Amino acid sequence: RRCPPLLHLRSRPSAMPAEPAAAHAAEKPPLTSDYLDCAQLRFSLGCTTVADKAPLKAQLLKQIEEKEMAPFYRATCEALGWEADAALLAKLEAANATELARLSDAIKTAEESEGESEICSAMLAKAEFLMRIGERAKALAALEETYAKTVGLGPKLDLLLTKLRLALFFDDKKLTADTIDAAKGLLDQGGDWERRNRLKVYEAVFHISTRSFKKAADLLLDSVATFTATELISYNTFVLYTVTTSLLSLPRADLKSKVIDAPEILQVLGEIPHLANLLNGLYECRYRTLMEALVGIVDSLYADRYMHAHTRFYWRELRGLAYNQFL
């Protein structure tokens with residue numbers, strides 16, 4: 001049996017008409033970046049350039065306990081060399097088992113006595129739970145099972161965006177690339193403005209992780225006025241990525257019109273350490289300011305999951321760009 005379309009609410013409303021939704025879907029809370037923030041926190045805790053790790057560890061452990069992320073906690077302890085708190089782990093595992101049993105019962109009940117919408121909703125709830133706690137393989141299988149039973153371009157795209165968050169969380173580049181291609185295939189058949197623009201940001205983040213900065217910059221600049229993907233990254237991080245990739249990708253005239261004079265970028269540029277000096281230092285040929293800002297920016301990029309592997313490249317390329325401009 002196949003499930004009818006469901007509507008997932010967003011943190012910001014779409015400017016285009018949404019597809020019809022079941023009444024219960026309206027109760028679904030807005031998406032947030034908490035899930036991917038956990039992956040970033042774990043990454044930062046493994047970075048040598050992060051000086052004060054105690055607040056980050058406390059923040060991550062709080063998220064793990066609140067979200068009852070037993071599998072993620074085990075993996076984090078292994079990755080960072082922490083000694084696992086046996087009592088905490090047992091508590092999380094017990095809570096996971098209880099919730100998983102409840103969700104499985106809900107699917108069974110829906111299959112026996114409820115409609116297609118309720119079945120699909122119950123299956124999605126289980127998939128999202130497995131994803132939340134860090135069960136990669138089981139979450140992926142549950143998402144694919146739900147996708148196979150879902151009809152409607154909008155709900156299918158929502159599931160693919162959820163799958164992309166799972167892939168990015170675990171830094172699975174092949175799964176990310178394949179899922180982006182699948183989402184683009186659906187968008188070729190239709191799809192609303194809001195989902196189309198959110199996918200651009202997902203794809204841009206993937207291109208950043210693979211050092212395709214020109215492709216990333218083009219997609220990010222297209223999304224500056226329409227950014228809604230706050231479940232993926234914050235707006236300040238979005239601006240950081242937009243400016244840093246554009247500096248290596250745009251000619252001076254385009255840099256001025258698309259970045260320096262963009263009101264959406266200007267409103268938060270001063271909130272991001274070193275970024276204004278980096279941007280204006282290069283454009284205004286203030287090379288001392290530029291180089292001082294570049295040191296600070298590179299430290300920030302080194303602690304970023306998607307930019308970390310490319311910080312030496314970025315340092316070298318931006319310095320080369322400045323030298324060529326000077327000569």
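This is a predicted model: local features need pLDDT of at least 70, side-chain atom pairs count only at pLDDT 80 or more; totals for chains, interfaces and linings use all residues.
Me: Let us begin with helix packing. How close do the axes of helix 11 and helix 14 come, and at what angle do they cross?

Reply: Helix 11 covers residues 235-249 and helix 14 covers residues 275-283. Their axes come within 11 Å and cross at roughly 25 degrees. Angles under 35 degrees count as roughly parallel, so helix 11 is roughly parallel to helix 14.

Me: Which hand does the crossing of helix 11 with helix 14 have, left or right?

Reply: Helix 11 passes helix 14 in a left-handed crossing.

Me: Which residues of helix 11 and helix 14 meet?

Reply: From helix 11 the residues are V239, L240, V243, T244 and L247. They meet L275, L278, L279 and L282 of helix 14. By class, this contact of helix 11 with helix 14 has eight nonpolar residues, one polar and no charged ones.

Me: Helix 12 also packs on helix 14. How are the two axes placed?

Reply: The axes of helix 12, residues 252-260, and helix 14 come within 11 Å and cross at roughly 150 degrees. An angle over 145 degrees counts as roughly antiparallel, so that is the term for helix 12 against helix 14. The crossing of helix 12 with helix 14 is left-handed.

Me: Which residues make the contact of helix 12 with helix 14, and how do they divide by class?

Reply: R252, L255, K256, V259 and I260 in helix 12 meet L279, N280, L282 and Y283 in helix 14. The residues of this contact divide into six nonpolar, one polar and two charged. L279 and L282 of helix 14 are among the residues that meet helix 11, and both are also listed for helix 12.

Me: Now the aromatic residues. What describes a pair of aromatic rings?

Reply: The distance of the centres and the angle of the planes describe such a pair. Rings count as a pair if their centres lie within 6.5 Å. By this rule the count comes to nine aromatic pairs. In one of them, F169 and F170, the ring centres are 5.0 Å apart and the planes stand at 65 degrees, so the pair is edge-to-face.

Me: Are F169 and F170 buried or partly exposed?

Reply: F169 is buried, with a relative accessible area of 2%. F170 is partly exposed, at 26%.

Me: How is the pair of F213 and F313 arranged?

Reply: The pair of F213 and F313 is tilted, with 6.1 Å from centre to centre and 50 degrees between the planes. F213 is buried, with a relative accessible area of 5%. F313 counts as partly exposed, at 21% relative accessibility, because the cut-off for buried is under 20%.

Me: Which residues do ring pairs link into a cluster?

Reply: Ring pairs link Y35, F72, F169 and F170 into a cluster.

Me: Next, single positions. Where does V50 lie, and what does V50 touch?

Reply: V50 lies in the loop between helix 1 (34-45) and helix 2 (54-67). It is buried, with a relative accessible area of 17%. Leaving aside residues up to four places away in sequence, V50 touches S44, L56 and A303. V50 and S300 are 250 residues apart in sequence, while their C-alpha atoms are 9.1 Å apart in space.

Me: Is E203 buried or exposed?

Reply: E203 is in helix 9, residues 193-209, and counts as buried at 11% relative accessibility. Beyond residues up to four places away in sequence, E203 touches I180, K184 and L219.

Me: What does T179 touch?

Reply: T179 sits in helix 8, residues 173-187, and counts as buried at 2% relative accessibility. It touches L160, K163 and L164, again not counting residues up to four places away in sequence.

Me: Lastly, how far apart are P155 and G191?

Reply: P155 and G191 are 36 residues apart in sequence and 9.9 Å apart in space, C-alpha to C-alpha. P155 belongs to helix 7, residues 153-169, and is buried, with a relative accessible area of 6%.

Note on methods:
Residues are numbered from 1 along each chain as its sequence is written. Side-chain values use heavy atoms; hydrogens and water are left out. Axes are lines fitted to C-alpha atoms, for helices over the stretch in contact, and angles run from 0 to 180 degrees between N-to-C directions. Helices (H or I, at least four residues) and strands (E, at least two) are DSSP runs, numbered from the N terminus. Angles under 35 degrees count as roughly parallel, over 145 as roughly antiparallel, 65 to 115 as roughly perpendicular and the rest as oblique. A crossing is left-handed if the near helix is turned anticlockwise from the far one by less than a right angle, and right-handed if clockwise. Contact means heavy atoms within 4.5 Å. Ala, Val, Leu, Ile, Met, Phe, Trp, Tyr, Cys and Pro count as nonpolar, Asp, Glu, Lys and Arg as charged, and the others, Gly among them, as polar. Buried means under 20% relative accessible area, exposed over 50%, partly exposed in between (1.4 Å probe, protein chains only). Rings of Phe, Tyr and Trp (its six-membered ring) pair if their centres lie within 6.5 Å; planes under 30 degrees apart count as stacked, over 60 as edge-to-face and the rest as tilted.
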